[in-house]
Amino acid sequence: MIIDEIKKGNLQSIKDKDMVARNIYSVLLNKIMLENIKKREHNIELTDVDVIQILQKSIKELTEELENYKKVNNLTEIENVTKQISIVEKFLPKMMSKDEIKDIILSLEDKSVPFVMKHFKSNYAGKCDMRMVQEVLKSL
């Protein structure tokens with residue numbers, strides 16, 4: 001599971017005394033634990049898809065943070081946040097290309113928007129950008 005890899009990275013950052021990496025691992029592990037608690041309240045297990053969503057949201061937040069540091073020209077924090085983004089990205093699966101999405105859509109019998117979106121959400125969650133799926137579907 002992805003969470004196990006994140007825990008290994010956290011331990012390694014502690015051993016290496018890498019505070020930038022340690023900070024992002026702590027944030028990720030806390031977010032994952034909070035989500036796990038929410039899921040357990042409803043008797044649902046935390047899955048890799050849930051962890052991927054947390055990672056994607058974290059990337060988005062870090063990107064916004066990076067833009068703000070660029071506006072004020074804080075070079076140290078720009079470097080730190082860029083490193084944190086690269087750490088988080090290595091746990092994300094490779095995203096599907098437009099061609100791969102197009103091939104999958106063409107192989108489906110029903111090409112209606114609700115069916116295609118539901119198919120991708122249930123079978124390829126975290127592996128494709130849903131906006132890209134919608135764009136490809138509209139272009140067909």
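Predicted model: local features only at pLDDT ≥ 70, side-chain atom pairs only at ≥ 80, totals over all residues.

Colleague: With which residue does Phe120 form an aromatic pair, and how is the pair arranged?

Modeller: Two aromatic rings are counted as a pair when their centres lie within 6.5 Å. By this rule the count comes to two aromatic pairs. In one of them, Phe120 and Tyr124 lie 5.3 Å apart from centre to centre, with 40° between the planes, and the pair is tilted. Tyr124 counts as partly exposed because its relative accessibility is 23%.

Colleague: Which residues form the edge-to-face pair, and why is it given that name?

Modeller: The angle between the planes decides the name, and an angle over 60 degrees counts as edge-to-face. The planes of Tyr25 and Phe91 stand at 70°, with the ring centres 6.1 Å apart, so this pair is edge-to-face. Tyr25 belongs to helix 2, and Phe91 to the loop between helix 4 and helix 5, so the pair ties together parts that are 66 residues apart in sequence. Tyr25 is buried because its relative accessibility is 4%, and Phe91, at 12%, counts as buried as well.

Colleague: How many helices and how many strands does the chain have?

Modeller: The chain has seven helices and zero strands. Its pattern along the sequence is accordingly written α-α-α-α-α-α-α. The C-alpha trace spans about 55 × 40 × 20 Å along its principal axes.

Colleague: What do the totals for the chain say about burial and surface?

Modeller: Of the 140 residues in the chain, 32% are buried. The accessible surface comes to about 9500 Å², and carbon and sulfur atoms account for 53% of that surface. Contacts may be read by their separation in sequence: among those between residues at least 6 apart, 58% join residues at least 24 apart. As for charge, the chain holds 24 positive and 23 negative charges, whose mean positions are 1 Å apart.

Colleague: Which residues touch the most other members of the largest nonpolar core, and which elements give two or more residues to it?

Modeller: A nonpolar core is read as a set of buried nonpolar residues joined through their side chains. The largest one has 23 residues, of which Ile2, Ile6, Ile32, Val51, Leu55, Val88 and Phe91 touch the most other members. Helix 1, helix 2, helix 3 and helix 4 each give two or more residues to this core. Helix 3 supplies the largest share, seven residues. Ile6 illustrates the packing: beyond its neighbours within four places in sequence, it is in contact with Tyr25, Leu29, Ile32, Val51, Leu55 and Phe91. Another core, of 12 residues, lies apart from the largest one and includes Ile101, Ile105, Val116 and Val136.

Colleague: Is His119 buried or exposed, and what does it contact?

Modeller: The cut-off for buried is under 20% relative accessible area. His119 has a value of 18%, and therefore counts as buried. This residue lies in helix 6. Its contacts, leaving aside neighbours within four places in sequence, are with Ile104, Leu108 and Tyr124.

Colleague: Where does Lys127 lie, and which residues does it touch?

Modeller: Lys127 is placed in the loop between helix 6 and helix 7. Its relative accessibility is 40%, so it counts as partly exposed. Not counting residues up to four places away in sequence, Lys127 touches Pro93, Lys94, Met95 and Met96. Lys127 and Glu67 are 60 residues apart in sequence, and their C-alpha atoms are 25 Å apart. For Ser86 and Val113, the corresponding values are 27 residues and 34 Å.

Colleague: Which residues have a positive phi although they are not glycine?

Modeller: Lys17 has a positive phi of about 55°, and Asn73 has one of about 60°. Lys17 lies in the loop between helix 1 and helix 2, whereas Asn73 lies in the loop between helix 3 and helix 4. Lys17 counts as exposed because its relative accessibility is 71%; Asn73, at 52%, counts as exposed too.

Notes. Residues numbered from 1 in each chain as written. Heavy atoms only, no water. Helix = DSSP H or I, 4+ residues; strand = E, 2+ residues; numbered from the N terminus. Buried < 20%, exposed > 50% of the residue type's maximum accessible area, 1.4 Å probe, protein only. Contact = heavy atoms within 4.5 Å. Areas by Shrake-Rupley, 256 points an atom, 1.4 Å probe, with all protein chains shown as cover. Lys, Arg positive; Asp, Glu negative; His and termini not counted. Charge placed at Lys NZ, Arg CZ, Asp CG, Glu CD. Core = buried A, V, L, I, M, F, W, Y, C linked by side-chain atoms within 4.5 Å. Phe/Tyr/Trp six-rings, centres within 6.5 Å; stacked < 30°, edge-to-face > 60°.
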